[in-house]
Amino acid sequence: MPGGRLTQQERQQIASGLAEGLAYAEIARRLDRPTSTVTREVMRNGGPTAYRPDIAHRATEHRARRRRRTAPRGHEASSQVQGRDAEAVREYEEVLTTVFMQSGLPKMTARVLVSLYTTDAGSLTAGELVRHLQVSPATISKAIAFLESQGLVRRERAEGRRERYAVDNEVWYQSMLASVRAHAQLVETARQGVNILGPGTPAAARLEGIARFVDFVRESMARAAEQAREILSTEPGPTSGDTAGPAPDRG
């Protein structure tokens, strides 16, 4: 099985495979590469619908040059101490960041959330985030404010006057409830429009359809979150095989 970084020709083959609607596992088989390699490559370079091999190749070269100029930072050094492959951790952070961005998070907000999720402590101070991401304190503050508004992080009092920003399983559950509340607000507002525009009119019917759909989804989300809450406190069992796993067929 070939090692090392993907070549430009391999990236062209990945793009061709995506255009054919092939699963990541099939593309990887044709390249004689692990499925995880193809998955990371696609997800950190725009995802399956926006992947461009030439842009991906230039971006990889840019990252390699930047890393050679940058000394290992605290978070990366910690990964090495714990026996983890710092390069693999860094690549995974890029993939997870892309996934969060595709779900609607701004890039910097996604990077902050990924940093919190991939540290064993589950929490970091503003200073630690600044050093790890190499951005300004104001940038971190803005990202944290957004994540707090979505219920995705919480503040903890650390030693002295410092605060730590934390994520845990309960935060994820609370974030789901925040989404349920937001959907409820949309339902209420849509039904206000029905009364204003006049029941029986096309516009009112459109809004009522939205309200009914979102209300059904909201109730389903609330029930599912409550039923699945215990999963968050259950120790995961052992896993096997490729950590990234094959992507499902898309077509």
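Modeller: Leu113 counts as buried, because its relative accessibility is 1% and the cut-off for buried is under 20%. The model is a predicted one. Leu113 sits in helix H7. Leaving out residues up to four places away in sequence, Leu113 touches Phe100, Leu105, Leu147, Leu152, Val153 and Val167. Take Leu147 from that set. Leu113 and Leu147 are 34 residues apart in sequence, yet their C-alpha atoms are 7.9 Å apart in space.

Now the wider setting. The largest nonpolar core has 21 residues. Leu113 is among those with the most contacts inside this core, along with Phe100, Val112, Leu129 and Ile140. Four helices each supply at least two residues of the core: H6, H7, H8 (126–133) and H9 (137–149). H7 gives the largest share, 5 residues. In soluble globular proteins, nonpolar side chains tend to be buried together. A second, separate core has 15 residues, including Tyr24, Val38, Met43 and Ala56.

Back to Phe100, one of the residues that Leu113 touches. Phe100 is buried too, because its relative accessible area is 12% and the limit is under 20%. Setting aside neighbours within four places in sequence, Phe100 is in contact with Leu105, Ala110, Leu113, Val114 and Tyr117.

The structure holds 1 aromatic pair. The rings of Phe100 and Tyr117 have centres 6.4 Å apart, and their planes meet at 45°, so the pair is tilted. Phe100 lies in helix H6 (residues 86–102) and Tyr117 in helix H7 (residues 107–117), so the pair ties together parts that are 17 residues apart in sequence.

Strands come next. Strand S1 (residues 123–125) and strand S3 (residues 163–166) run antiparallel and are joined by 3 bridges. Leu124 stands opposite Tyr165 in S3. Strand S2 (residues 154–157) also runs antiparallel to S3, with 4 bridges between them. There, Arg157 stands opposite Glu163 in S3.

Phe100 in turn pairs with Tyr117.

Definitions and conventions: Residues numbered from 1 in each chain as written. Predicted model: local features only at pLDDT ≥ 70, side-chain atom pairs only at ≥ 80, totals over all residues. Heavy atoms only, no water. Phe/Tyr/Trp six-rings, centres within 6.5 Å; stacked < 30°, edge-to-face > 60°. Buried < 20%, exposed > 50% of the residue type's maximum accessible area, 1.4 Å probe, protein only. Pairing = 2+ DSSP bridges. Core = buried A, V, L, I, M, F, W, Y, C linked by side-chain atoms within 4.5 Å. Contact = heavy atoms within 4.5 Å.
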